[in-house]
Amino acid sequence: MPLMNTLRRRWDCLKRHVPTDRTIYVDNKPSPSESPDVAIHTHQHYPNNRVVSSKYTVWNFIPKNLFEQFRRIANFYFLCVGVIQLIIDSPVSPATSIAPLVFVVSVTAIKQGYEDWLRHKADNEVNNRNAFIVHNGKLTQVKAQNIKVGDIVKVKLNQGFPCDLVMLSSYDPEGKCYVQTANLDGETNLKTHFCVPETREFQKESDFKDLYATIECQQPIADLYKFVGRITIFNNNSDSVLKSLGPENILLRGARLKNTPFIYGCAIYTGPDTKMALNSKAKITKFSRVERGMNNYLIIFLVILLLEALVSTVLAYWYMNQDKIGDPWYVPGAKQSISAKNYYKKYHFLSIIMILYNYIIPISLYVTVEVQKFVGSLYLHWDLEMYDEDSDSATQANTSDLNEELGQVEYLFTDKTGTLTENDMQFRQCSINAIKYEEVGGHLHEMATQGGQSTPVLRLTPDIEEFLELLALCHTVRVDHHEATQTGASALYSHTGIGYEYQSSSPDEKAFVEACRRYGVVFHGTREDHLEVTFHGEMRRYKLLHVLEFDATRKRMSVIVQRENDEIVLLCKGAETAVLKLGISGEIDKTNQHIHDYAVLGLRTLALGKRVFTPKEYEKVDTILTEARSAMDKREEKLEEAFQAIERDLHILGATAVEDRLQDGVPETITTLRRAGIKVWVLTGDKEETAVNISYSAGHIHDGMEELRLTKASCTDHTTCGEEITKNIHRCQVLNSSNQQFVLIVDGFSLTFALGEHSEVFRELCQMCGAVLCCRMSPLQKAEVVKLMKIAKHTPVTAAIGDGANDVSMIQEAHVGLGIMGKEGRQAVRNSDYAFAKFRFLQRLLLVHGHYFYYRLATLVQYFFYKNVAFITMQLFFAFYSSFSQQSLLASFHLMFYNITMTSLPIFIYSLFEQHISQRDLIEKPQLYKEITKNKMLNKKNFLKWNALGLWHVFVFFFGVVFLFGNDVPLWPNGKMMGIWSFGTIAYTVCVITVNLKLCLETYFWPLPMFLAYVISGVGNISMTLVYTMIFWPPLIQTLQDYYKVYTTSLGCGTVWLCIVVLAVIALFPDIIIRVARDTGKKITESTKRRIHSESSVPLQPLSSNCTQKFITDQVPDNRSPVIKTRSITKTRL
C-alpha cells in the first residue's frame, strides 16, 4: 500500500494540471509588468490550428477499422469459425467462411475508407488555406493550420474565420461587423458582432504595435451561444482597463464575414478547441426496434446452432460406441486400435459440426441492411412532395439508422409556435393604459368599449408614445439596408424606414419594430452607442447603457437607456406571468384582463413595463451589472441575481397581442395521424387560453371532447395535484363505456408536481386521454414529458417535432427526433434525426415513407433468416444419413456464394422498391399504419411462420431428392447413378430456385429493376456455376476436383429437371395458399367496408358562411373568467 500511494502521488505530479480558465496574451506580448517569456510559456500548452475531422490515418486504418468491424457479433463469430477451419481438418474449405467474411469486411472497409478520404481531402483544403496574421505591426501570410493562440488575425470580406477569435477592431468606426453563421446553426440572416470600445481604434496593422492586452476566458465548451471572458487593455502608463466579453464579441470558426471589408481578432481557441470542432462529435446513437429484434434473432440462431452441434456430437458419440461400429469386421483388430473416445476428441468434433452448421447465421445481413438504409434515406431528399419551394428546402435525413422507426411511431410530441404555426408574427392589437387598440389597414385604431366601430388614432398621446418608445428600443433587432454591401445599414439612412430590412432572432421583436414604423416611430439602428429613433420625423437618441438579455427562466428582457434629458429608464417586456407580478403601479388588473381576452382569440401576448432610476440608483445598478459581467466564475448565476434585483418595481404600460397563423394542412395532418393510431401531444410555452384556442383550430382538440384540467387553479401542491389526478382518472373510468373522449390540459406549474410523486398515476391518466395539451412549459419539462411515455410499460415509440432551441431537449429524448426548418434558427434541425420545412410533410413521412421503410426492412430481415434455415438445415438432415461422419453435402462453392450472390440481389432490390400498398391508399387509409406498429411484422408469430416455412421447404428439398433418387436408381440411359455431389447439387439447385420464387410470392410491386434483379441473378448464378464446374482448377486453388462437370452432368438428365419443378411446386404450395388467402381476405374486408360506408352515408347540407364559426362558453369555477373557445369547422386563419 505505501508503494502504491507513492506511485500515485508521483503520477499526479506528472499529470498536467488543466486550469478552469485560460489567459491569452494578445499578439503573444506580455503586459508591461510581466516577463517576456511568460506568453510563450503559456501559449505552448494550447493545440495548433490544424483541423482533423478524419477518423483514420494511413498507419492505423487497417487495425482500427478491423477492430471496429469485429466488435459486431456476427463478424467476430465468422472470424472465429474461419480460424478454427484453418487449424483443424475441416470437412469444407476454410474459404467458405473466410471468403464471405472478407467480402463483407472489405465492402465496409472500402466504404468507410472512401468516406474518410473525403474528410482528409476537406481537412487539407481548410488547413492549407491562406490566412493573415499581424505581428509587431506587420502583416504576414501563413497557412491556417499555423495560427497559434494569441495571434492577431486579419479576416477580409466573405472570408471564413480560421479559428475562434475575440474581435479587436473593424473597418466600421463603430467597431461592428456582420457575420453569417449558416455553417454553424443554419441561420442565413446576418448577425451583428462588435468589439469593446477601447480596441476599435486599432484600424491599421501598425497600430497593433502599441497594443498590450490580455484576455481571460473559460476553457473551450461546445455551446455556440455561451462565452464568458474579459479583456484587460494596458495603457502606456501601466494603467489598465477591464472589460467583459460575451458571445457578441466572439467570431467563431465556420462563420463568414459579410458586409464588412475587414476585421482584426485575437485567436483564443484553435484546432480541436474551437466550438465548431467540439460540436462535430457524434450524437447519441439511437437503435430502432427492428435492429434490436434483429440482434435478438441472431442470438436465438446462435443458440439453435449450438444446440444442433451438441445434439449431433452426442449422437455421433453414441453411434461410434456401438459394437458393430467400433469393431468393423473388415478391419482386423480395429477394436483395440481405434476407440471412439480417443479418436473423436469432443471439442474437435464439436468444432467441426459447428463449421458444417454455421451458415445458419446470415453474415451478409448487416452490410445489406446498412446499404438499404443509406439508399432509403436518399428517397426522403428526392421526394418532391416533401420539397418546400418557398424556402427552397428539401427533406434532410441526418441519420439513416432510424428509417424503419418512422413506421412505428405511437406518440407524437409537437411544439406549437413555428411547428403548428407559421412563426410569422403580425401585430394585431395592444392594450395601452387600460385602453384597447387594434391595427386596421396599417394604422392604429382605438377600439370601442361596447363592440362598436373603432376610431383611428390621429395623434400620438403621451401614453401611446411611451408605449411605442418601449417597443422601438427594447429588442435586439438589427437594421439592414438592401443597398448595403460593404458596411451594413449603419452608413445609410432612411427617413421613413421603408428601405430598412429589420433582422431579429425573435419574430415578435421584428413584428413590434415593423409596427412602430407603420405608426411613424422608426428605429434607425445604433450609432456611437446610441439608439436612434424618429417620432414622425423628430430624431431622438438614446444612450444604450445595458442590455438584460432574455432567458427562458426569467421569460423577459430589458434594456437600460438614457434619454436626451439625461433620465435613465429601464424598459422591460416579457410574458405576463413574469412582468405583471413585478408591477407596483399602472393598470395591472385591467391589463391582465385584456391579456386574457387576447389569449382567448389565440393571440400571443406580452406585457410591458418600465422603471425610472435616480442617479444614485443607477450608479448601484451599474456597479452590480459590471461586477457580474466581469466575473469569470458563475457569471450566469451572478447575472441572474443581478437581473432579479434590477427588474422590479415596474410601472405597467400595457400589453401586446400578435397573430401567428396556422400552417397550411395542420388540421388535416393531425386528424390523419389520429386515425393512424398516433396520439398527438402539444407541448408549448404559451399561456393556457392561447394554447387551447390554437389546439381547437388545429384539430388537436375537437368537438365532443371533455376537458380535464391540471392547472395552477386546482393544483397548489403535491397533495392537491394527486387528488386532482385521481379524480380525473375516476371520471375517465366512469364514462369509458359511453365512448367519451377526453383531452387533458396541464400547465407547467402543475406538471412539476405530476412528474414528481405522481408520475405513475399521471401517466395512467394521460393514456386514457385522446389528446394532451401541456402549456407554460420549460424546455426541460418538455423532455421529461417525452421520457414519461418513453419508459411506459408497453414501451411505445415516441417522436418529437419542433423548430427552436427550446425543443432540442425533447427532440433528443424521443426515439425519433424531427426538426422543422423554421424561423427560430437551425438548432432543432441540427439535433434532429430528420428535418423538413412544413408540418404537413409529417403525414407523408410517417404514413408513406415510414410504412415502406419498416415493411421492406422487416421482410428483408425475416427473409434472410428464412433462406438460411431453408439452406443449411440440409446439412443437419444429411448427418443422419452419413452416420454423423462430418461429411458435407454441399460443395464449398455452394456454401461460399449462397448468401453473397445466389440469393442476395433480388431481396436487396425488393427492399428498395417494394410497394405492397399504393402511396395513395396509405394516405387515404391512415388506419393501415396501425397494422405495422408495435413491430408486428417481426413478432414471434411471424418469426415462427417464416422459419416454419423454411423448415418445410428444406424438408421437401432434401427428402424429395432422397425419395426420387434413393435406392441407387439409375438416372441416365447408360446406367449411371447419382453420387453425393450430384445429390447435393440437385438439392441446392431446388433450394436456390424455391427461395427466389418465395420472394416473388411476397412481391406486390414489379418495376423494371425488380425484373432485372431476377434476370441478372439467374444468369449470373448459372454462369458462375458453369465456370466453377467446367474448369479443371490447379491444385493451388482447389486440391480436390470432385465437383468437375457435376453440374452439367446432373442437369443433363430430364428426370432431374422434373424433380426440380415438382419439388419447387410442392415446397411453395403453402406459400401460394397463404398469398391467396391474404389477398382474398383484404378484398373481402375492403368490399365490406365500402358497403357499410355506402349504406350509412347521409347527404350533407352545405353550411352557410354564417355557420362556419361557433362560440361555446364552458362551465368553469366561479373564481375564473369564462373561456371562449373559437372552434373552426373550416380551415381557420387566426
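This is a predicted model: local features need pLDDT of at least 70, side-chain atom pairs count only at pLDDT 80 or more; totals for chains, interfaces and linings use all residues.
Reader: Why is the pair of Tyr411 and Trp681 called edge-to-face?

Author: Their centres are 5.9 Å apart, which is within 6.5 Å, and their planes stand at 85°, which is over 60, so edge-to-face it is.

Reader: What does that pair tie together?

Author: Tyr411 lies in strand β15 (residues 409-414) and Trp681 in strand β30 (residues 679-683), so parts 270 residues apart in sequence get tied together. Strands here are DSSP runs of E, at least two residues, and helices are runs of H or I, at least four, numbered from the N terminus.

Reader: How do you know whether Tyr411 is buried or exposed?

Author: Buried means under 20% relative accessible area, exposed over 50%, partly exposed in between (1.4 Å probe, protein chains only). Tyr411 comes in at 4%, so it counts as buried. Trp681, at 1%, is buried too.

Reader: What makes Arg22 count as sitting over the ring of Tyr46?

Author: The rule asks for NZ of Lys or CZ of Arg within 6 Å of the ring centre and within 35 degrees of the ring normal. The charged end of Arg22 is 4.1 Å from the centre of the Tyr46 ring and sits over that ring.

Reader: Which residues and atoms went into all this?

Author: Local features need pLDDT of at least 70 and side-chain atom pairs 80 or more, while totals for chains, interfaces and linings use all residues. Residues are numbered from 1 along each chain as its sequence is written, and side-chain values use heavy atoms, leaving out hydrogens and water.

Note on methods
Rings of Phe, Tyr and Trp (its six-membered ring) pair if their centres lie within 6.5 Å; planes under 30 degrees apart count as stacked, over 60 as edge-to-face and the rest as tilted.
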